[in-house]
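Here is a friendly walk through one protein model, written for someone who likes to keep the structure open while reading. Please have your viewer ready.

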Amino acid sequence: MKSILITNRKGGVGKSAIASQFAHYLADKLQLRVLFIDLDSQRNSTKALTTKQAAMLSTTNAAEVFTNRNATVEAGRFVVMPGSDELDLLDMEKERRNELAGNFKSFISRIGGQFDVCVIDTAPTHDIRMKSAIISADFLVAPTQLAQEAIDGIRFLVQSVTLAKGSLNPNLTFIGILPNQVMDTPFHKENLAIIVQHFARLLIALPSGGFALIRRTTAIEESQAEGVPIWKHGKTSARDAWRKIEPSFAHIAATMGVLDSQTQGVNQHGN
(Lines give C-alpha, C1' and ligand atoms only; values in the text may rest on other atoms or scores of the structure.)
Protein backbone atom coordinates (compact mmCIF):
# COMPACT_ATOMS: atom_id res chain seq x y z
CA MET A 1 0.00 0.00 0.00
CA LYS A 2 1.17 3.50 -0.87
CA SER A 3 0.13 6.38 1.41
CA ILE A 4 -0.08 10.04 0.44
CA LEU A 5 -0.60 13.06 2.67
CA ILE A 6 -2.35 16.14 1.24
CA THR A 7 -1.56 18.98 3.62
CA ASN A 8 -0.67 22.60 4.23
CA ARG A 9 -0.47 24.53 7.46
CA LYS A 10 -2.45 27.37 5.85
CA GLY A 11 -6.22 26.84 5.76
CA GLY A 12 -8.44 27.70 2.83
CA VAL A 13 -6.04 26.46 0.16
CA GLY A 14 -8.44 23.80 -1.10
CA LYS A 15 -6.56 20.78 0.22
CA SER A 16 -9.69 18.83 1.18
CA ALA A 17 -11.19 19.29 -2.29
CA ILE A 18 -7.94 18.15 -3.92
CA ALA A 19 -7.61 15.18 -1.54
CA SER A 20 -11.23 14.13 -2.16
CA GLN A 21 -11.05 14.45 -5.94
CA PHE A 22 -7.70 12.66 -6.05
CA ALA A 23 -9.18 9.81 -4.00
CA HIS A 24 -12.10 9.65 -6.46
CA TYR A 25 -9.55 9.49 -9.28
CA LEU A 26 -7.67 6.59 -7.69
CA ALA A 27 -10.83 4.62 -6.93
CA ASP A 28 -12.89 5.38 -10.04
CA LYS A 29 -10.44 6.02 -12.86
CA LEU A 30 -7.63 3.70 -11.73
CA GLN A 31 -9.87 1.12 -10.02
CA LEU A 32 -7.63 0.92 -6.95
CA ARG A 33 -8.66 -0.02 -3.42
CA VAL A 34 -8.59 3.30 -1.56
CA LEU A 35 -8.69 4.18 2.13
CA PHE A 36 -9.30 7.85 2.93
CA ILE A 37 -8.46 9.12 6.44
CA ASP A 38 -10.07 12.45 7.31
CA LEU A 39 -8.04 14.06 10.11
CA ASP A 40 -9.99 17.34 9.98
CA SER A 41 -12.81 17.75 12.48
CA GLN A 42 -14.69 19.91 9.96
CA ARG A 43 -15.28 16.67 8.00
CA ASN A 44 -15.42 18.40 4.61
CA SER A 45 -13.83 15.43 2.88
CA THR A 46 -16.01 12.94 4.73
CA LYS A 47 -19.16 14.73 3.58
CA ALA A 48 -17.99 15.10 0.00
CA LEU A 49 -17.03 11.44 -0.35
CA THR A 50 -20.08 9.91 1.31
CA THR A 51 -22.95 12.22 0.28
CA LYS A 52 -23.69 10.08 -2.77
CA GLN A 53 -22.24 6.88 -1.25
CA ALA A 54 -19.23 7.01 -3.58
CA ALA A 55 -17.25 5.70 -0.61
CA MET A 56 -18.26 3.50 2.29
CA LEU A 57 -18.25 5.17 5.71
CA SER A 58 -16.18 3.20 8.20
CA THR A 59 -17.53 2.53 11.66
CA THR A 60 -14.08 3.45 13.00
CA ASN A 61 -13.49 7.20 13.04
CA ALA A 62 -10.10 8.77 12.42
CA ALA A 63 -9.54 9.73 16.07
CA GLU A 64 -9.63 6.06 17.09
CA VAL A 65 -6.55 5.40 14.95
CA PHE A 66 -4.63 7.51 17.47
CA THR A 67 -6.28 6.42 20.72
CA ASN A 68 -6.72 2.69 20.06
CA ARG A 69 -3.54 0.79 19.29
CA ASN A 70 -5.67 -2.09 17.97
CA ALA A 71 -7.90 0.02 15.71
CA THR A 72 -9.20 -1.72 12.60
CA VAL A 73 -11.00 -0.70 9.43
CA GLU A 74 -13.33 -2.56 7.15
CA ALA A 75 -11.92 -3.79 3.86
CA GLY A 76 -13.55 -2.33 0.77
CA ARG A 77 -13.02 -0.78 -2.64
CA PHE A 78 -13.31 2.80 -1.32
CA VAL A 79 -13.53 3.42 2.43
CA VAL A 80 -13.58 6.67 4.44
CA MET A 81 -12.54 6.89 8.07
CA PRO A 82 -14.52 9.99 9.10
CA GLY A 83 -13.33 13.04 10.95
CA SER A 84 -14.77 13.74 14.39
CA ASP A 85 -14.73 16.38 17.13
CA GLU A 86 -12.38 14.21 19.19
CA LEU A 87 -9.56 14.95 16.75
CA ASP A 88 -9.27 18.51 18.07
CA LEU A 89 -8.65 17.18 21.58
CA LEU A 90 -5.73 14.90 20.74
CA ASP A 91 -3.06 17.58 20.98
CA MET A 92 -4.15 18.37 24.54
CA GLU A 93 -2.88 14.98 25.69
CA LYS A 94 0.73 16.12 25.82
CA GLU A 95 1.99 13.17 27.83
CA ARG A 96 0.57 10.74 25.23
CA ARG A 97 1.80 12.39 22.03
CA ASN A 98 4.46 9.77 21.31
CA GLU A 99 1.96 7.00 21.97
CA LEU A 100 -0.68 8.61 19.73
CA ALA A 101 1.80 9.13 16.89
CA GLY A 102 3.05 5.58 17.28
CA ASN A 103 -0.49 4.20 17.13
CA PHE A 104 -1.17 6.10 13.91
CA LYS A 105 2.06 4.96 12.26
CA SER A 106 1.45 1.35 13.30
CA PHE A 107 -2.08 1.45 11.90
CA ILE A 108 -0.86 2.63 8.49
CA SER A 109 1.60 -0.25 8.41
CA ARG A 110 -0.90 -2.78 9.71
CA ILE A 111 -3.66 -2.25 7.14
CA GLY A 112 -1.33 -2.24 4.13
CA GLY A 113 -2.70 -5.51 2.77
CA GLN A 114 -6.29 -4.26 2.66
CA PHE A 115 -5.79 -1.30 0.30
CA ASP A 116 -3.68 -0.14 -2.61
CA VAL A 117 -3.55 3.52 -1.60
CA CYS A 118 -4.25 5.49 1.58
CA VAL A 119 -5.06 9.20 1.17
CA ILE A 120 -4.69 11.35 4.30
CA ASP A 121 -6.28 14.78 4.67
CA THR A 122 -5.20 16.83 7.71
CA ALA A 123 -6.45 19.94 9.45
CA PRO A 124 -4.42 23.13 8.73
CA THR A 125 -2.69 23.02 12.09
CA HIS A 126 0.79 21.74 12.94
CA ASP A 127 -0.41 19.49 15.74
CA ILE A 128 -0.12 15.79 16.54
CA ARG A 129 -2.35 14.90 13.57
CA MET A 130 -0.15 16.55 10.97
CA LYS A 131 3.07 15.44 12.66
CA SER A 132 1.86 11.83 12.85
CA ALA A 133 0.83 11.85 9.20
CA ILE A 134 4.16 13.32 8.08
CA ILE A 135 6.14 10.60 9.85
CA SER A 136 3.83 7.87 8.51
CA ALA A 137 3.15 8.75 4.86
CA ASP A 138 5.14 7.62 1.83
CA PHE A 139 4.37 10.74 -0.22
CA LEU A 140 3.32 14.33 0.42
CA VAL A 141 1.68 16.97 -1.78
CA ALA A 142 1.18 20.53 -0.54
CA PRO A 143 -1.64 22.49 -2.19
CA THR A 144 -1.15 26.24 -1.91
CA GLN A 145 -2.90 29.41 -2.96
CA LEU A 146 -1.05 32.26 -4.61
CA ALA A 147 -1.17 34.53 -1.57
CA GLN A 148 1.78 35.67 0.53
CA GLU A 149 0.67 33.94 3.72
CA ALA A 150 0.30 30.66 1.83
CA ILE A 151 3.75 31.10 0.31
CA ASP A 152 5.14 31.71 3.80
CA GLY A 153 3.50 28.46 4.89
CA ILE A 154 5.49 26.57 2.28
CA ARG A 155 8.75 27.39 4.08
CA PHE A 156 7.41 26.00 7.35
CA LEU A 157 6.14 22.83 5.67
CA VAL A 158 9.44 22.23 3.91
CA GLN A 159 11.22 22.51 7.27
CA SER A 160 8.84 19.91 8.75
CA VAL A 161 9.36 17.53 5.82
CA THR A 162 13.15 17.93 6.01
CA LEU A 163 13.11 17.19 9.73
CA ALA A 164 10.93 14.09 9.24
CA LYS A 165 13.14 12.75 6.44
CA GLY A 166 16.21 13.27 8.58
CA SER A 167 14.96 11.15 11.44
CA LEU A 168 11.53 9.54 11.75
CA ASN A 169 10.53 9.01 8.12
CA PRO A 170 13.59 8.83 5.84
CA ASN A 171 11.53 7.29 3.02
CA LEU A 172 9.11 10.21 2.76
CA THR A 173 8.95 11.63 -0.77
CA PHE A 174 7.85 15.24 -1.09
CA ILE A 175 6.19 15.19 -4.51
CA GLY A 176 5.85 18.95 -4.42
CA ILE A 177 3.81 22.11 -4.19
CA LEU A 178 0.52 22.22 -6.08
CA PRO A 179 -0.70 25.78 -6.76
CA ASN A 180 -4.49 25.73 -6.47
CA GLN A 181 -7.35 28.07 -7.36
CA VAL A 182 -5.05 29.85 -9.80
CA MET A 183 -6.59 32.79 -11.65
CA ASP A 184 -5.38 34.69 -14.71
CA THR A 185 -4.86 37.96 -12.84
CA PRO A 186 -1.77 40.18 -12.43
CA PHE A 187 -1.70 39.39 -8.70
CA HIS A 188 -1.66 35.62 -9.23
CA LYS A 189 0.81 35.85 -12.08
CA GLU A 190 3.18 37.86 -9.89
CA ASN A 191 2.93 35.44 -6.96
CA LEU A 192 3.30 32.41 -9.22
CA ALA A 193 6.48 33.99 -10.58
CA ILE A 194 7.72 34.36 -6.97
CA ILE A 195 7.09 30.68 -6.31
CA VAL A 196 8.82 29.67 -9.53
CA GLN A 197 11.78 31.90 -8.62
CA HIS A 198 12.23 30.70 -5.05
CA PHE A 199 10.69 27.20 -5.02
CA ALA A 200 11.02 25.89 -8.60
CA ARG A 201 12.62 22.66 -7.37
CA LEU A 202 9.57 22.06 -5.17
CA LEU A 203 6.98 22.48 -7.91
CA ILE A 204 5.65 19.38 -9.66
CA ALA A 205 7.19 19.33 -13.15
CA LEU A 206 4.93 17.64 -15.72
CA PRO A 207 6.35 15.37 -18.44
CA SER A 208 4.54 17.47 -21.06
CA GLY A 209 6.26 20.63 -19.81
CA GLY A 210 5.39 23.26 -17.25
CA PHE A 211 4.26 22.71 -13.67
CA ALA A 212 1.21 21.06 -12.16
CA LEU A 213 -1.42 23.57 -11.05
CA ILE A 214 -5.19 23.71 -10.68
CA ARG A 215 -7.03 26.73 -12.01
CA ARG A 216 -9.90 28.42 -10.21
CA THR A 217 -13.22 26.89 -11.22
CA THR A 218 -16.60 26.61 -9.53
CA ALA A 219 -16.85 23.09 -10.95
CA ILE A 220 -14.71 21.69 -8.12
CA GLU A 221 -16.84 23.31 -5.42
CA GLU A 222 -20.03 22.16 -7.13
CA SER A 223 -18.74 18.62 -7.48
CA GLN A 224 -17.71 18.54 -3.82
CA ALA A 225 -21.14 19.78 -2.74
CA GLU A 226 -22.85 17.21 -4.94
CA GLY A 227 -20.56 14.44 -3.71
CA VAL A 228 -19.34 13.32 -7.14
CA PRO A 229 -16.04 13.23 -9.03
CA ILE A 230 -15.63 16.33 -11.15
CA TRP A 231 -15.66 14.28 -14.38
CA LYS A 232 -19.12 12.92 -13.45
CA HIS A 233 -20.63 16.35 -12.79
CA GLY A 234 -23.32 17.22 -15.28
CA LYS A 235 -21.98 20.55 -16.46
CA THR A 236 -19.78 20.86 -19.53
CA SER A 237 -17.58 23.30 -17.56
CA ALA A 238 -16.79 20.51 -15.08
CA ARG A 239 -15.70 18.11 -17.80
CA ASP A 240 -13.59 20.87 -19.36
CA ALA A 241 -12.00 21.55 -15.96
CA TRP A 242 -11.24 17.86 -15.51
CA ARG A 243 -9.33 17.69 -18.78
CA LYS A 244 -6.98 20.33 -17.36
CA ILE A 245 -6.71 18.69 -13.93
CA GLU A 246 -6.18 15.07 -14.99
CA PRO A 247 -2.55 15.43 -16.16
CA SER A 248 -1.57 16.68 -12.70
CA PHE A 249 -3.39 13.84 -10.92
CA ALA A 250 -1.98 11.28 -13.34
CA HIS A 251 1.57 12.49 -12.80
CA ILE A 252 1.16 12.36 -9.01
CA ALA A 253 -0.21 8.81 -9.27
CA ALA A 254 2.65 7.82 -11.57
CA THR A 255 5.18 9.27 -9.13
CA MET A 256 3.60 7.13 -6.42
CA GLY A 257 4.01 4.06 -8.58
CA VAL A 258 0.28 3.31 -8.90
CA LEU A 259 -0.04 4.36 -12.54
CA ASP A 260 2.29 3.15 -15.27
CA SER A 261 3.30 5.40 -18.15
CA GLN A 262 1.22 3.49 -20.72
CA THR A 263 -1.96 3.81 -18.66
CA GLN A 264 -1.15 7.44 -17.97
CA GLY A 265 -1.09 8.20 -21.69
CA VAL A 266 -4.35 6.35 -22.33
CA ASN A 267 -6.16 8.11 -19.48
CA GLN A 268 -5.06 11.56 -20.55
CA HIS A 269 -6.32 10.94 -24.07
CA GLY A 270 -9.67 9.83 -22.70
CA ASN A 271 -9.60 6.35 -24.21
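## Two loop residues with positive phi

Arg 43 is found in the loop between strand 2 and helix 2 (44–50); helices (H or I, at least four residues) and strands (E, at least two) are DSSP runs, numbered from the N terminus. Phi of Arg 43 is near 65°, a positive value in a residue other than glycine. Because its relative accessibility is 26%, Arg 43 counts as partly exposed. On this scale, buried means under 20% relative accessible area, exposed over 50%, and partly exposed in between (1.4 Å probe, protein chains only).

Gln 31 sits in the loop between helix 1 and strand 2. With 56% relative accessibility, Gln 31 counts as exposed.

## What you are looking at

This is a predicted model, in which local features need pLDDT of at least 70 and side-chain atom pairs count only at pLDDT 80 or more, while totals for chains, interfaces and linings use all residues. Residues are numbered from 1 along each chain as its sequence is written, and side-chain values use heavy atoms, with hydrogens and water left out.

## The sheet

Two strands pair if DSSP finds at least two bridges between them. In general, strands of a sheet pair through backbone hydrogen bonds, either parallel or antiparallel. Strand 7 runs parallel to strand 6 (residues 139–144), and 6 bridges join the two. Here Leu 140 stands opposite Phe 174 in strand 7.

Now turn to strand 2 (residues 34–39), where 6 of 6 residues are buried. Both of its faces are covered, with Val 34, Phe 36 and Asp 38 on one side and Leu 35, Ile 37 and Leu 39 on the other. Strand 2 is joined to strand 4 (residues 78–81) by 4 bridges, and the two run parallel; Phe 36 stands opposite Val 80 in strand 4. Strand 2 also pairs with strand 5 (residues 117–122) in the parallel sense, over 6 bridges. In strand 5, Asp 121 is the bridge partner of Asp 38.

## Two helices with a buried face

Helix 4 has 14 residues and reaches 20 Å from its first C-alpha to its last, close to the 20 Å expected at 1.5 Å a residue. That expected span is 1.5 Å times one less than the number of residues. Leu 100, Ala 101, Asn 103, Phe 104, Phe 107 and Ile 108 are the buried residues of helix 4. Seen down the axis of helix 4, these buried residues fall within an arc of 155°, so they line one face of the helix; the arc is that of the directions from the helix axis to the C-beta atoms. Asn 98 and Ser 109, on the other side of helix 4, are exposed.

Helix 7 (residues 186–199) also has 14 residues, which should span 20 Å at 1.5 Å a residue; its end C-alpha atoms are 19 Å apart, which agrees. Which residues of helix 7 are buried? They are His 188, Asn 191, Ile 195 and Phe 199. Viewed down the axis of helix 7, the buried residues fall within an arc of 70°, so they line one face of the helix. On the other side of helix 7, Pro 186, Glu 190 and Gln 197 are exposed.

## A pocket and a cavity

On a 1 Å grid over the protein atoms alone, a cavity is a set of points where a 1.4 Å probe fits but cannot get out, and a pocket is an open set with protein on both sides within 12 Å along at least five of seven lines; lining residues have an atom within 4 Å of a point. Grid points are joined across faces, edges and corners, and a volume is the space filled by probe spheres set on the points.

The second largest pocket holds about 300 Å³ of space. It is lined by 16 residues, and the closest to its centre are Lys 131, Ser 132, Ile 135, Leu 163 and Leu 168. Helix 4 (97–110), helix 5 (128–134) and helix 6 (148–166) each give two or more residues to this lining. The count comes to 1 cavity of 30 Å³ or more, and the largest cavity has about 50 Å³ of space. Among the residues lining the largest cavity are Ala 17, Gln 21, Trp 242 and Phe 249.
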